[in-house]
4 protein chains.
Amino acid sequence: MDHPQTREALVFRVPMLHPGDTSGIEKLIATGTIDAEEIVAIFGKTEGNGCVNDFTRGYAVLAIETMLSDKRGCTREEISRNVAIVISGGTEGGLSPHFAVFAVRAAGEARPGPGLAVGVAFTRPFLPEEIGRTEQVDETSAAIMRAMAMAGIESSEDVHFVQMKCPLLTNIQVAEAAARGATTSTSDTYASMGLSRAASALGVAVALGEVSRSAITDAAIGHDLDLWSGRASASSGVELSRTEVIVLGNSARWAGNRTVHHAVMRDGIDLTAIQTVLEHAGFQPAGQLPTADAARIDAVLVKADPPRSGTIRGRRHVMWDDSDIHATRHARALVGGVVAAAIGRTDLFVSGGAEHQGPDGGGPIAIIVQHH
Amino acid sequence: MDHPQTREALVFRVPMLHPGDTSGIEKLIATGTIDAEEIVAIFGKTEGNGCVNDFTRGYAVLAIETMLSDKRGCTREEISRNVAIVISGGTEGGLSPHFAVFAVRAAGEARPGPGLAVGVAFTRPFLPEEIGRTEQVDETSAAIMRAMAMAGIESSEDVHFVQMKCPLLTNIQVAEAAARGATTSTSDTYASMGLSRAASALGVAVALGEVSRSAITDAAIGHDLDLWSGRASASSGVELSRTEVIVLGNSARWAGNRTVHHAVMRDGIDLTAIQTVLEHAGFQPAGQLPTADAARIDAVLVKADPPRSGTIRGRRHVMWDDSDIHATRHARALVGGVVAAAIGRTDLFVSGGAEHQGPDGGGPIAIIVQHH
Amino acid sequence: MDHPQTREALVFRVPMLHPGDTSGIEKLIATGTIDAEEIVAIFGKTEGNGCVNDFTRGYAVLAIETMLSDKRGCTREEISRNVAIVISGGTEGGLSPHFAVFAVRAAGEARPGPGLAVGVAFTRPFLPEEIGRTEQVDETSAAIMRAMAMAGIESSEDVHFVQMKCPLLTNIQVAEAAARGATTSTSDTYASMGLSRAASALGVAVALGEVSRSAITDAAIGHDLDLWSGRASASSGVELSRTEVIVLGNSARWAGNRTVHHAVMRDGIDLTAIQTVLEHAGFQPAGQLPTADAARIDAVLVKADPPRSGTIRGRRHVMWDDSDIHATRHARALVGGVVAAAIGRTDLFVSGGAEHQGPDGGGPIAIIVQHH
Amino acid sequence: MDHPQTREALVFRVPMLHPGDTSGIEKLIATGTIDAEEIVAIFGKTEGNGCVNDFTRGYAVLAIETMLSDKRGCTREEISRNVAIVISGGTEGGLSPHFAVFAVRAAGEARPGPGLAVGVAFTRPFLPEEIGRTEQVDETSAAIMRAMAMAGIESSEDVHFVQMKCPLLTNIQVAEAAARGATTSTSDTYASMGLSRAASALGVAVALGEVSRSAITDAAIGHDLDLWSGRASASSGVELSRTEVIVLGNSARWAGNRTVHHAVMRDGIDLTAIQTVLEHAGFQPAGQLPTADAARIDAVLVKADPPRSGTIRGRRHVMWDDSDIHATRHARALVGGVVAAAIGRTDLFVSGGAEHQGPDGGGPIAIIVQHH
């Protein structure tokens, strides 16, 4: 074999009873299923509103860091630096709150791959005036290349999902830049969340060859929705100034019985795309996946967004006009239902805010599957 | 032929721009597609919250009655007495606000049936102390038998959906009953909505032979969820004291190229049930219905409800614990997504409040389809 | 007396049970308190969310127009042209839904004034590219001058409240303007609501001499919050292309025992301003107004808005960051509580969206009082 | 002096930027204003919805316990046992999120009292079948007597506020009791929150002689709203099985320049009651308190609840019928506005769920004031 398979990536999905409930993760450790030191990333889907005042994200992060620092015997700061924690709020409709725990260990007796490969990397900290601009695109793109290299993924074809946590602009940062004579891409902090996600997604598109770098200008970021990545997923957070990148792919250098696959939903009700990704994973979907098949799926990662057009296949939706329920909440509920119809389970990581992450109103979908 | 096919039932689905927008219905009349006098029932799915303070229902009813009284040259009261108007609030997720207009005309040149049969009937007005009790069950059951007879449907097997609009208890009615020494099933007006729907649904179950009358006691109504109808759909409203019944079935006495079919969703993500009803209608569902097939579906009628268990297939849902978004809103969003996955369109009549209307967390689904 | 007092303006406040409930108004007519023909304006405070999908406004308008066209024996269109109907959604906190009915009749035996004077006028229809720009300011200003003249109010000092209903931009209008090569002030229809209210309010400020016309540029509209009127109140609606203006003042030409007074709340908790307007009306406020005094107040008209600063007197508020409850809903609840504290009643017309209507976070307050 | 004044109670109000932001408390410690060991209780008003899915409470508790365990060098469990942490969600309207930190230290050079006295006590753990019943009333009553004794408060007249954190029933507890043949007061876990608050409040009423013990039966708890305490404030939480009691009073045994006072709001707009408590505290309220006076108020503690009657002084409110905003959120917004009108500041601890805590629709109000 050309590449010795020295590593194995594992994914475990555990339920949570509330955003501060890490008992599912603790049980993985207590039962010896994984070692606390092996955890490289945790994704969480919490029952907040996924919008500005969603404090379930900060709560879950604090609970995880506190718990892991106890288990590893280190400070919370060290956990923060070494474990990529991405919490996405919003379990509308029938979605079920859960964590997906990513662990990496020496291959040992693991079944030979090609297997799931996980790469983690970070950009340098961004200046306020770089957020939402081509500088952020380029730095993100470079970080993805590093994460791929670290994971031993040689071809961009083998990358199936890139989860990112990127910074946003605060009022203080906007003012600090202005004091230096620099202008930020926006002075609206809420808008900066979308622009940062947008630049991150385009960074993936460039790194994976989905969009030509020459097509990307500052003006296009967040606006030209014809430019998109079919494998990017970004969320922005106030707690960091650099971007955290988790690349999920398949690689001949990794052992284990898990692989990852993806497709792109063209709109929020694109069942066909979901069936396509299931086919890529080796299933033969006709109706809903049988229970035994669904049990082999370790994670479903999807982006959802309200179509800007105001319609789905020509029929009016109410997402944008509803002042009681935020548009992104409607979108997650819808896509959660569509994916649950295909997969037959509701513990799905459906995340909102999909600028340049799939076409308008659609989004990438990836699944991690275990093979027997 | 034994039964001369003297009547044809037609169904037209039209979009609405807001709850008071009857322009879609007016256009049907203006273009001669239907005559205003032919309209026997209008179902509407409006973008309100579907809960207590959903005034989109009253708004739509007032707009329809005002418009139809102009077209027919009669009073609004006459429209109210002669046209069954059932408005259901809530287009969460991707659902699209629309009206379904039911018209009946002489068969004329219509393609020979058996075709869609529509029967309308009314109970006598209920006393407050009868609401949510066996008296309501029995009167509703009798009204359904009358509606079936009127529609010339001989076998309960041929009934596929029974839509009802039933009364609720107001504080004034509770007090009036108490003044007479009578006790109502509840003094909580919100709870009375559920009990009235529950008794109505059990009336269908008895009329169609789905549940034995002897199994139904006052105590079971609203509580024993093992008793249910697979074809009942009830909504309660403050504006009436009797129950309005619209029976949809197929009959050899009706002409026309439309038929109605049903199945029962076992839970909110039961794609298999939806594929079953599509098969009954003559489709061969594998993935999502092709656009040309979907275009032949005139109406999709579904009930949705949050499972009382707190879980969907063992995984926690948050519907009951969300104090920002009402549980029924989550349920409609979920089921809307699941049905849209199968059908490929979003103008679906998904209605909440499904006591005894399908099993806990599930509900009946019916489709009206046009055959070429 | 120089001016014969030929007219009397009356105001009646009646409760509503729901947005379509006009029974309170009908009772005024049935009891002979007012004649249907005397009604010149109706203000309504309905229990909708006051935001984009607040259909309680359209519902109330349809219900009023239908009822009044029956009473007056004319078409709904004639009512629409001749009666100014301003419905404001949102009764958060303890606010109580109600209508305020304005009627004008020959003075007859009415007690000599100076009394409450009511003037109604309309601008010409606006072109899309005029909305939110100085053209709208100037036309609105001119209409206010006409309404004052019609009401026989000679001095701008005698004007105490100007209620306006102004147009907004729809996507169709933006496109129509673009097709002609014209650019609208915004292409965001929601933003156009604020810009139209802003231009309307500045129109009042110019007409009443509160702001110099030369200070107003297109760029200042909606942005320079130091420019404001202490007597303007604007709401925008999709149903009209011109602006409707109702001027409330006191005039020696009007008979009757009612007068109107105003003050400006500097922020949402400015009790002192409320006490000032009560003093202007002849009360001697120390704590809450005694019940007998409160009973003499026929209408309380207030604007409320979340402070853009994010704080109230230096303390953080959460209005802008709450993705579950819209900021304007918080603001109405707050101001409703503050005004109810002073007046001792909750049927207050507290309206949101106060661009240039009072200082940032504050707003004008006017009361109409009956003297014995 | 009869009683040597050995202790001083201090209260510091600090803002929070989000529910996990303890920097205000840390600054009190870092600047030497208080010693971490002196903290006996922390009240927090967070920006959650104050309802079932309000995770800001758990988040704030975790953040405080983590921070204090670092500062004190002990485990989080020790903090939990020794510091009474009461977090109340909901800052609707203009309310400002904040913490109130209670510290007790040796009197030292403190100005002689009588001063603010703080007593903390706990009941024994409750059996599920005791919750919401007279057993809970009696145990709570006894705990309050112990807290008074600990604080050296001899007369119930000197108690001005009793804050309690009481348990609720979970599904597991209901089942455990049923397995033993015991029946709980309710099987509805949400209803158990209200019943537990109700029994706690009646425990205060008995301890302070406001209600005769003989008037309290299991049936009266939560239902007979004529029985109430003017000084009780209870909130229920899932995290404890016993009740935590914090008694605030004035005592000649305590030094310091702070005192506490109370009054009872008869309804949500009872400004007169607020002026009464300000008078008790030595102010002379006419309109809003001057800024210098407001600055001397260390804490404002109020209960708010929607009137069950559906009206405020005969005028309909919409709180109960609003399915978008929970009734308790409306009530807090309203009362927050009324109290802010009087006090001139918005960092008020307005808490919902006021069964037997003041009359229906009203509630106790207490202020802690510093004297120069």
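## A first look

Phe43(B) and Phe349(B) are both buried. Keep in mind that this is a predicted model.

**Aromatic rings**

- A pair of aromatic rings is described by the distance of the centres and the angle of the planes.
- Over all chains, the count comes to 10 aromatic pairs.
- One of them joins Phe43(A) and Phe102(A), a tilted pair at 4.8 Å centre to centre with 50 degrees between the planes.
- Phe43(A) belongs to strand E2 (residues 39-46) of chain A and Phe102(A) to strand E4 (residues 98-106) of chain A, so this pair ties together parts that are 59 residues apart in sequence.
- Phe43(A) and Phe102(A) are both buried.
- In chain B, Phe43(B) and Phe349(B) form a tilted aromatic pair, 5.6 Å centre to centre and with 35 degrees between the planes.
- Here Phe43(B) is in strand E2 (residues 39-46) of chain B and Phe349(B) is in strand E14 (residues 349-352) of chain B, so the pair ties together parts that are 306 residues apart in sequence.
- Back in chain A, ring pairs link Phe43(A), Phe102(A) and Phe349(A) into a cluster.

**Charges over rings**

- In chain C, the charged end of Arg242(C) sits over the ring of Phe122(C), 3.8 Å from its centre.
- In chain D, the charged end of Arg242(D) sits over the ring of Phe122(D), 3.9 Å from its centre.

**How chains A and B are related**

- Chain A is superposed on chain B by a rotation of 180 degrees with 0.0 Å of shift along its axis (RMSD 0.0 Å).
- The two copies are thus related as by a two-fold rotation axis.
- Both copies use the same surface, as 100% of the contact residues of chain A recur in chain B.

**Where chain B meets chain D**

- Chain B brings 10 residues to this contact and chain D brings 9 residues.
- About 810 Å² is buried between chain B and chain D, and carbon and sulfur atoms give 37% of that area.
- Asn53(B), Ser323(B) and Asp324(B) supply 54% of the area that chain B buries against chain D, more than any other three residues.
- There are 2 salt bridges across the interface of chain B and chain D.
- A salt bridge joins the side chains of Asp324(D) and Arg329(B) (3.6 Å, N to O).

**Salt bridges elsewhere**

- The whole structure holds 88 salt bridges over all chains.
- One of these salt bridges pairs the side chains of Asp138(A) and Arg213(A) (2.7 Å, N to O).
- Asp138(A) is partly exposed at 35% relative accessibility, and Arg213(A) is partly exposed at 31%.
- Arg124(B) forms a salt bridge with Glu130(B), with the closest N and O atoms 2.9 Å apart.
- In that pair Arg124(B) is partly exposed at 34% relative accessibility, whereas Glu130(B) is buried at 9%.
- Arg316(C) and Glu47(D) also form a salt bridge, their closest N and O atoms being 2.7 Å apart.
- Both Arg316(C) and Glu47(D) are buried.

**A residue in a helix**

- Ala342(B) is found in helix H9 (residues 327-343) of chain B.
- With 3% relative accessibility, Ala342(B) counts as buried.
- Beyond residues up to four places away in sequence, Ala342(B) touches several others, including Leu271(B), Ile274(B) and Leu278(B).

Key:
Residues numbered from 1 in each chain as written. Chains lettered and ligands numbered in written order. Predicted model: local features only at pLDDT ≥ 70, side-chain atom pairs only at ≥ 80, totals over all residues. Heavy atoms only, no water. Phe/Tyr/Trp six-rings, centres within 6.5 Å; stacked < 30°, edge-to-face > 60°. Helix = DSSP H or I, 4+ residues; strand = E, 2+ residues; numbered from the N terminus. Buried < 20%, exposed > 50% of the residue type's maximum accessible area, 1.4 Å probe, protein only. Lys NZ or Arg CZ within 6 Å of the ring centre and 35° of its normal. Contact = heavy atoms within 4.5 Å. Least-squares fit on C-alpha atoms with pLDDT ≥ 70 in both. Buried area = accessible area lost by both parts, 1.4 Å probe. Salt bridge = Lys/Arg side-chain N within 4 Å of Asp/Glu carboxyl O.
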